[in-house]
Amino acid sequence: MDFMLEEELMDLMTFCLQNPEDATTVEKKERITQIGSELYADGGVDALENFFFALDNRIQGELEMDAKVFRPLWNGLDPAWNH
C-alpha cells in the first residue's frame, strides 16, 4: 500500500508543479490532502515526514523543482506538523 500511495503522491505533485494553472489542480491537491490523512491515520507524523522526505528528494532529483509547497496541505492533522 505504501508504494502505491507514494507513486500516486508523486504523480499528483508532479502534475501540480508542472501545470499550476490547470483546472484539475484543485482536485489533485485535495487528493494529496486526503492521502496525508490516510498516512497520518496509519503512522502519525513520522509517516508524514518519511513520505514527504522521499517525495521531495525524488521531485528535486527528477524535476529540479521544490515539493515543499505541498507541506501545508497536511497542516491540521497534528500540531507537530505545521508548515
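**Notebook: helix H2 and the segment after it**

I looked up proline 72 and found it in the segment after H2; helices here are DSSP runs of H or I of at least four residues, numbered from the N terminus. The model is predicted, with local features needing pLDDT of at least 70 and side-chain atom pairs counting only at pLDDT 80 or more, while totals for chains, interfaces and linings use all residues. Residues are numbered from 1 along each chain as its sequence is written, and side-chain values use heavy atoms, with hydrogens and water left out.

I recorded proline 72 as partly exposed because its relative accessibility is 37%; buried means under 20% relative accessible area, exposed over 50%, and partly exposed in between (1.4 Å probe, protein chains only). From proline 72 I went to leucine 39, 33 residues apart in sequence and 15 Å apart in space, C-alpha to C-alpha.

Next I examined H2 itself. Its end C-alpha atoms are only 18 Å apart, whereas a straight helix of 39 residues would span 57 Å at 1.5 Å a residue (the expected span is 1.5 Å times one less than the number of residues). I located a bend of about 130° at glycine 43, the angle between axes fitted to the seven residues ending there and the seven starting there. Just after H2, I noted a positive phi of about 55° at glutamate 64.

Finally, I turned to aspartate 56, which lies in H2 (residues 25-63). Aspartate 56 counts as buried because its relative accessibility is 7%. Leaving aside neighbours within four places in sequence, I found aspartate 56 in contact with Asp66, Ala67 and Lys68 (heavy atoms within 4.5 Å).

How values were computed:
Helices (H or I, at least four residues) and strands (E, at least two) are DSSP runs, numbered from the N terminus.
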